[in-house]
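Please examine the model shown below before reading further. The paragraphs that follow begin with a single residue and then widen the view step by step.

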Amino acid sequence: MVYFFQIAIDTLVLASVYTLIGTGFALRYSIAKYLDLGYGAHIAIGAYAYFLFSEYFGVVAILPAVIFSVTVAYASERFYFAKLEDKKSSPMVMMIASLGFMTLVQAIIAIFFTSSVQVLHTDASVIKIYDVVVTYIKIITIAVAFSAVILLNLVFTKTKFGKHLIAVSDNKDLAQTSGIPIKKLSIISASIAAGVAALSGILYGMDTIITPFIGLSLLLSGITAAILVNIQDPKKVYIGALILAVIQSLVIWFIGGMWKDAAVFLLLIVILLLRPEGLLRRRGIRQV
Amino acid sequence: MIKKIAPVVLLIALGVGLVSFFSNKVSNEGSSEGYVKVALLLPLSGPFGGIGEGIKNASLMAVEDYKLTNPNLQVDIVVEDDSFEVVKGISAYNKLTTVEKVAGIMMISTPVLDALHEEMKEDGLPIVSIGLQSEGVGPDNIFQTTLAPIAPIEFLAQFVDGKNHQKVAVIYTNTLPAINSFHDAFVQNYSKSKASFVVTDAQTARNVATKIVSENFDAVVILQDAVAGPLVTRELKTLDTNNELTYYYDLQLATSWTEYKKILGDTNKLNDSYTLSIKGGDTSAFAQQYEIKYGVPPTPFAEYGYDSTLLLIKGYDQDTTVWVSNIQNDRFVGPSGEMAFDEDGVRLQEIEVIVVENGTISQ
């Protein structure tokens with residue numbers, strides 16, 4: 001029984017990381033309307049910025065690391081992606097451009113920090129709760145994801161920004177005609193998403209390790225979590241993240257680690273075939 | 001008119017001049033008496049960058065030492081980075097053979113060697129590799145200065161067999177062919193109760209560690225790469241609070257020591273673990289010389305870099321066939337132990353199992 005709770009805690013930690021990444025990605029997608037793979041770069045930017053800053057500031061470095069990532073997101077959105085949007089680039093071109101951005105960021109990080117694994121400064125001490133071994137960082141990760149979900153839900157439902165976001169998510173052209181400042185909204189959403197991504201990268205890195213390529217693998221899981229429920233609804237990504245983490249843990253436990261990714265992507269294929277709009281999206285409001 | 005033509009003529013003349021200058025330079029290199037240009041094809045970036053850098057330093061040290069007693073042979077060294085990656089390695093090899101026109105190569109990256117071994121055989125240059133050659137091993141121009149990969153794993157399996165454990169967990173990764181073959185060799189040679197677990201990342205490491213601790217295994221054999229090995233060890237050590245597990249490692253523990261230190265934080269956590277080790281020569285003098293020269297202790301395999309480079313240049317002959325034969329038949333004792341090869345050019349070495357003590361691996 002102890003080990004059931006041990007696995008449950010670890011699964012919850014993983015689901016928390018996926019929630020943060022998936023929520024940020026869905027937020028970005030609901031405005032941008034293309035698969036912004038460059039979003040994954042901010043996971044690595046946040047983690048490495050923390051790695052660098054924590055040498056001087058310790059754990060407090062989380063704040064400047066997140067701010068740094070947000071700044072990079074603002075600059076890239078303002079001076080790169082917005083310019084491409086102005087040229088009426090297709091979603092495919094935008095996706096390729098974002099992939100280029102992520103590859104560039106990965107290469108720069110690898111040049112400055114090497115491709116070797118790095119370990120982030122954190123409190124590595126463990127606490128035992130009825131023989132279940134938990135580290136502080138696991139508890140913090142779960143708490144941060146939980147808070148982020150509540151906070152973002154409040155933002156989406158109670159603020160003008162959130163309402164604009166839902167309007168753009170439903171129909172971008174109509175929203176634009178209604179006078180919603182799409183460009184401004186896009187820059188704000190990209191910045192918030194980058195902050196969330198950076199935070200997830202830092203927390204994941206504190207719990208495990210980081211490499212310059214951390215963004216891509218985590219991004220794939222985040223996208224999967226978002227697609228599972230409804231990629232256009234950042235509020236419910238946590239459900240997809242939980243499903244994903246539980247399936248991965250069950251597969252590793254009962255079948256074997258080698259089947260982990262295969263099982264997840266098999267599920268994704270089935271969902272895309274049977275409910276392409278996601279498990280939680282009502283068919284009645286499906287966009288044409 | 002002349003004003004218009006003159007710059008073009010000048011450019012053509014300059015181009016012809018440059019081409020003839022460089023073609024003369026290339027044709028002279030590697031063929032004159034008493035001169036040899038050899039390459040170090042090493043991972044100087046990526047996960048094995050640190051090991052590659054140490055091997056490079058040791059190789060340059062070997063060349064300097066050789067020159068002290070053999071001043072008449074001028075040795076020119078070219079260094080290329082392959083990042084332990086096939087694509088980069090192929091590109092670097094082509095540059096070395098076609099542009100740099102080196103006469104011999106010392107390398108380490110197994111994936112690069114496996115991808116290029118046919119081409120290397122055709123080219124005929126002496127290749128001295130510290131890394132394992134897992135494909136196309138035979139009596140040719142490719143030499144491996146570490147012993148055959150499977151033999152140590154069979155030795156480890158027999159050693160663990162003798163320990164009478166009730167239940168042994170074998171942890172490996174299925175994404176690397178070499179480690180897959182190590183796993184197969186272990187399970188074929190270990191006769192008692194065992195179960196295999198695949199670990200590929202942090203999540204699988206965590207779940208597998210929980211499963212192993214929950215199912216009362218009393219020993220783990222870790223046949224892993226430089227990242228998954230330390231990760232699964234960290235998770236096991238976190239859960240195995242009463243130290244009930246006995247840990248066994250293959251040679252990866254020594255080669256990935258830097259990563260273990262980084263991820264575990266304290267290598268004393270590895271105390272009492274068993275690990276394979278190659279009975280080497282006396283590395284103390286080498287280590288001292290290295291540390292004086294570079295200010296840091298030698299990295300794993302640096303002594304192999306020293307001996308491999310020495311082997312390559314010691315046997316030099318303008319006739320490549322003679323050179324290859326010289327390498328095959330050379331016998332000397334260097335910091336990595338006695339250098340001797342079997343008929344396929346694979347090094348013959350003795351292995352042993354040692355215990356990690358005081359956070360270090362020492363024989």
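This is a predicted model: local features need pLDDT of at least 70, side-chain atom pairs count only at pLDDT 80 or more; totals for chains, interfaces and linings use all residues.

B:S83 counts as buried because 22 other C-beta atoms lie within 10 Å, and the cut-off for a buried residue is 20 or more. The residue belongs to the loop of chain B between β2 (74-81) and α3 (86-99). Its backbone also deserves attention: B:S83 is not a glycine, yet its phi is positive, at about 55°. Most residues other than glycine have a negative phi.

A residue of chain A may be set beside this one. A:K88 is likewise not a glycine, and its phi is positive, near 60°. Its place is the loop between α3 (62-86) and α4 (91-113) of chain A. Is A:K88 buried or exposed? A:K88 is exposed, because 7 other C-beta atoms are found within 10 Å, and a residue with 12 or fewer is classed in this way.

Between these two classes there is an intermediate one, and B:A115 illustrates it. This residue is part of helix α4 (residues 110-123) of chain B. B:A115 counts as partly exposed because it has 18 C-beta neighbours inside 10 Å. Leaving aside residues up to four places away in sequence, B:A115 touches B:V86, B:G89 and B:I90. The C-alpha atom of B:A115 is 9.2 Å from that of B:V87, although the two residues are 28 positions apart along the chain.

The view can now be widened to chain B as a whole. This chain has 363 residues, of which 45% are buried. It contains 13 helices and 14 strands. Among the contacts in chain B with a separation of 6 or more, 71% join residues 24 or more positions apart.

Chain B is also divided into two domains: domain 1 covers 35-147 + 281-349, and domain 2 covers 150-279.

The next subject is the meeting of the two chains. Here, 23 residues of chain A are in contact with 27 residues of chain B. On the chain B side, at least two residues come from each of α2 (49-69), β7 (194-198), α7 (202-214), α8 (228-239) and α10 (257-264). Which element of chain B gives the most to this side? It is α7(B), with nine residues. By class, the side of chain B that touches chain A comprises ten nonpolar, 13 polar and four charged residues.

Finally, the interior may be considered. In soluble globular proteins, nonpolar side chains tend to be buried together. The largest nonpolar core here has 132 residues, and those that touch the most other members are A:A47, A:I202, B:I171, B:F186, B:V220, B:V221 and B:V232. Helix α1 (residues 2-32) of chain A supplies the largest share of this core, with 14 residues. Not counting residues up to four places away in sequence, A:I202 touches A:G46, A:A47, A:Y50, A:I62, A:A65 and A:L120. A second, separate core has 48 residues, including B:V112, B:I142, B:L311 and B:V324.

How values were computed: Residues are numbered from 1 along each chain as its sequence is written. Chains are lettered from A and ligands numbered from 1 in the order in which they are written. Domain bounds come from an automatic or database domain assignment. Two residues are in contact if their C-beta atoms, placed from the backbone, lie within 7 Å. Helices (H or I, at least four residues) and strands (E, at least two) are DSSP runs, numbered from the N terminus. Ala, Val, Leu, Ile, Met, Phe, Trp, Tyr, Cys and Pro count as nonpolar, Asp, Glu, Lys and Arg as charged, and the others, Gly among them, as polar. A nonpolar core is a set of buried Ala, Val, Leu, Ile, Met, Phe, Trp, Tyr and Cys residues joined through C-beta atoms within 7 Å.
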